[in-house]
Amino acid sequence: MSTSSKIKARLKEAGKRFWAGDNIADFIEDGEKQDLIDELAVKFEDVLQGLVIDTENDPNSNGTGKRLAKMYINELMAGRYTPIPNATAFPNDSIDRYEGMLVVRSELTSMCSHHHQIVRGVAYIGIIASEKLIGLSKYTRIAQ
């Protein structure tokens, strides 16, 4: 049974949805992310063959199936396969607490799940200080 089939079976057994934008990291066991990349590399090679691209002799296309698989899993759809960050709240109630508003600029790269086209953008996240705040690095990770 393929790794993707095993993960899909776990999701179905748990009654969990696995649409393109859903995070499925909790259903991926140790080592399976790399197994998915290896499985996808073969499938991407098949797509390239179907596009009549010479992946054996064209130095630019040699190994492209593996590169595409890594790009999808580790970059374009990373938010799907990486656990959602733990947003620990820190107290902001001391005498030297932060008061006011802070804006975090976050560059995002994702993928349109309908066209499988790269989407790049910028998110501006406004933070109004209260009695508790999460770490600034978490805002970008949550946005991703």
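In the predicted model, Ser106 has Ala123 in strand 3 as its bridge partner, and twelve bridges join strand 2 (residues 101–112) to strand 3 (residues 117–128) in an antiparallel arrangement, where pairing requires at least two DSSP bridges between two strands and strands are DSSP runs of E with at least two residues, helices being runs of H or I with at least four, each numbered from the N terminus. The two strands form a hairpin with four residues between them, and His116 in the turn has a positive phi of about 55°. Residues are numbered from 1 along each chain as its sequence is written. Because the model is predicted, local features need pLDDT of at least 70 and side-chain atom pairs count only at pLDDT 80 or more, whereas totals for chains, interfaces and linings use all residues, and side-chain values use heavy atoms, without hydrogens and water.

Lys138, located in helix 5 (residues 136–143), is buried yet has no salt bridge (a side-chain nitrogen of Lys or Arg within 4 Å of a carboxyl oxygen of Asp or Glu), and the nearest side chain of opposite charge, Asp26, is 15 Å away, with Lys and Arg counted as positive, Asp and Glu as negative, and His and the chain ends not counted.

Methods: Buried < 20%, exposed > 50% of the residue type's maximum accessible area, 1.4 Å probe, protein only.
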